[in-house]
Every structure is written in C-alpha cells, then in structure tokens.
Amino acid sequence: MNRLRLWLLAVGGAGLAALLVAACLDLPGFGGRHHPYGDRAVQASLARHTANTISSVNFDQRAYDTLGEMSILFAAVLGCVVLLRQARDEHRAPPEPAEVARPVRRYALLVLPVALVTGLYVVAHGQLSPGGGFQGGVVAATALHLLYLGADYGALERVRPLGVYETSDAVAVCAYLVLGLASVLAGTAFLANTLLPYGTFNTLSSGGAVPLLNAAVGMEVASAVVVLLAHFLDQAVEIEEEHGS
Amino acid sequence: MADALIVVVLLLVAASATAAVAQRDPARQALVLSFLGTLLAALFTVLQAPDVGLSQLAVGSALTPLLIMLCVRKIRRRGRSKEDAR
C-alpha cells in the first residue's frame, strides 16, 4: 500500500514536472517587450479608462477571481476567530501598562498618522497607481497597531472596537457581492463593469466600478487584518490559562 | 545595468533566505523574515511589478513577522505560567 502510494506520488510529480518544464519552454523571453496577455490586458484596461492595468485585471477583467480571494481571506480570518476564542478554562488578565522607551514612543506616534494616511491613499488611488485595496488595507490596519508599540495594549483596545471591525469586514464582502449582482440586475454578466460611466482617464473617479470594488476590498482587508491581529494579540497579551487545570 | 541590479537583488534575497532558514530561534527568525520581505519587495519592484512589491512589503515584512512574534510570545508565556504553577 505504501509502495503504491509512493509510486502514485512519483508518477504525479513527474507528470507535473514535465508539464511545468514544457510550459516554461513556451514562455516569452525574460524581460522581453511583448507579451500576448499583457498587450491584451493593457488594451482592455485603456478601453475602460483604468490607468493601473493591474487594478483593471483584478477588479474588472478578473473581478470574479478577486471575489474568490476575498472569500478566502474572510474564511481564514473567521477560522482564526473561532480557533483563538477564549476557551472555558482560560481567563482574561488585563496586562500591566508597560514602560515604553521614549524614542520608540515618539517614533511610533509620529509614524502612525503618516502610515495610516499612506494606507488610505494607496486604497483610494488603486485605479491610478500601483497598489489598491489589498495593499492599502494591510498598511492602514498595521499602522493602527503602532499604538501598541507607542503606548500600550489598553490604548490600542480603546481605539479599536472589535465589533465594529468584525461587522465592517462582513459588510465589505457583502458590498462586493451586491456590486456584482447590480450588474446582473442591469442585464449584463455578474461583476461586468458596464454599469457606471468610465469617467476621465487618470482621475480618481475613472474606471467605472473599479474604484468601488477596490474600496470594498480595502475595507474588507483592513478590517480582516485588524480582527486577525486583535485575536492574536488577545492570546499573546491578555488570555491566560487557569492555573491548576 | 538593469540586469546587474536584478542579479544583485536576487543574490541578496538568496542570502537572507538562507539566513532565515539557518537561524534557529523563532523570534530572530521573524526579524530575518521581515528583512527578507523587504528585499523581496525590492526584487519585485526591480522586476517591474510594483503592485506585488507593495503587497510583499505590507504582508511579508510587517504582518507575517508580527504574527510570528505574537505566537512566540504566547508560547513562551504559557511555558512560564506552567513553571510558576508547579
């Protein structure tokens, strides 16, 4: 039985390796100027006035894939929340306010607003410049946690009502779905970017539904990261096992 | 010129990835991982993929090391409280 399994693995692995090598031999040359898919993607994104082709691919040409990725993140965070919840034999011990070295405190409080605004900027300009909902969301969410470095856990908990972030996580996923269904109701395909005017090229409001889907992803990722880190922080700082159990 | 830059960044990535594997202490590993994440972001930017570079910078050099550090802290704290209870 074990031998058979090994054989199966070997055959599958060899087949995969052969296919990968064959695919690599057919790739366009490294650093070449022309790419069949790239050319078509750029053309399609320019036709819909989206300056950042990557955003056009993510939120227009392949918006359905992004819905899948978004659901993966949502499910993963949901799983973490379930696994890391406070168990029956654990209790919460509020951590002692910690002493923070002055340079660390000054640096964290200085960088926090800058990082937060940078994150929001990256989300808002996803359709124009590199970045988008995912990148900006992660930056904005991690920026908030500089408060943990600069002050202490209590201060972070005060500016982070967890329920709000959990709700906004779910609302953002729903918003993405609703935007997709809106185009179905309008008589086109799910998530087809034909509903809104495409606007003027290279302005904030260009790209039709791209900025909206991008904002939904930004909101989802930011809240998901905050919720995820909150549960990890709770486990690392607050939740303790009962002694003697 | 661009090719030389790519080779240099690739070598740096390989070196720091090896360092991350060779380091045995998880807390230090997280720091090396964060450095590796920054280098990978630079590599992606040099290879003209700034979008991926940004994701790498945000996730690889900030979020993942932070999660690892928090896990290490939890495990160490649990070890300490077990010893106290004895």
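A residue counts as buried if 20 or more other C-beta atoms lie within 10 Å of its own, and as partly exposed if the number falls between that cut-off and the 12 or fewer that make a residue exposed. The views below show a predicted model.

View 1. Because 23 C-beta neighbours lie inside 10 Å, A:L191 counts as buried. As background to both residues, most residues other than glycine have a negative phi.

**View 2. The packing of helix 2 against helix 3 in chain A.** Helix 2 (residues 36–47) and helix 3 (residues 53–61) of chain A pack at an angle of about 80 degrees, with their axes 9 Å apart, which means that helix 2 of chain A is roughly perpendicular to helix 3 of chain A. Helix 2 of chain A makes this contact through A:A41, A:V42, A:A44 and A:S45, while helix 3 of chain A contributes A:T53, A:S56, A:V57 and A:Q61. Sorted by class, the residues of this contact are 4 nonpolar and 4 polar, with no charged residues.

**View 3. The buried residues of helix 3 of chain A and what covers them.** In helix 3 of chain A, the buried residues are A:S55, A:S56, A:V57, A:N58, A:F59 and A:D60. The elements that cover these buried residues include helix 2, helix 4 (63–83) and helix 10 of chain A.

**View 4. The side of chain A that touches chain B.** The contact takes 18 residues from chain A and 15 residues from chain B. On the side of chain A that touches chain B, helix 6 (133–144), helix 10 (210–238) and strand 2 (239–241) of chain A each supply at least two residues. By class, the residues on this side of chain A divide into 10 nonpolar, 6 polar and 2 charged.

**View 5. The annotated stretch at residues 105–226 of chain A.** An unreviewed UniProt entry places the feature "domain: Na+/H+ antiporter MnhB subunit-related protein" at residues 105–226 of chain A. Over these residues the chain is 69% helix and 0% strand, and the end C-alpha atoms are 21 Å apart.

How values were computed
Residues are numbered from 1 along each chain as its sequence is written. Chains are lettered from A and ligands numbered from 1 in the order in which they are written. This is a predicted model: local features need pLDDT of at least 70, side-chain atom pairs count only at pLDDT 80 or more; totals for chains, interfaces and linings use all residues. Axes are lines fitted to C-alpha atoms, for helices over the stretch in contact, and angles run from 0 to 180 degrees between N-to-C directions. Helices (H or I, at least four residues) and strands (E, at least two) are DSSP runs, numbered from the N terminus. Angles under 35 degrees count as roughly parallel, over 145 as roughly antiparallel, 65 to 115 as roughly perpendicular and the rest as oblique. Two residues are in contact if their C-beta atoms, placed from the backbone, lie within 7 Å. Ala, Val, Leu, Ile, Met, Phe, Trp, Tyr, Cys and Pro count as nonpolar, Asp, Glu, Lys and Arg as charged, and the others, Gly among them, as polar. UniProt positions are given in the numbering used here, feature names are shortened, and annotations may be inferred rather than shown by experiment.
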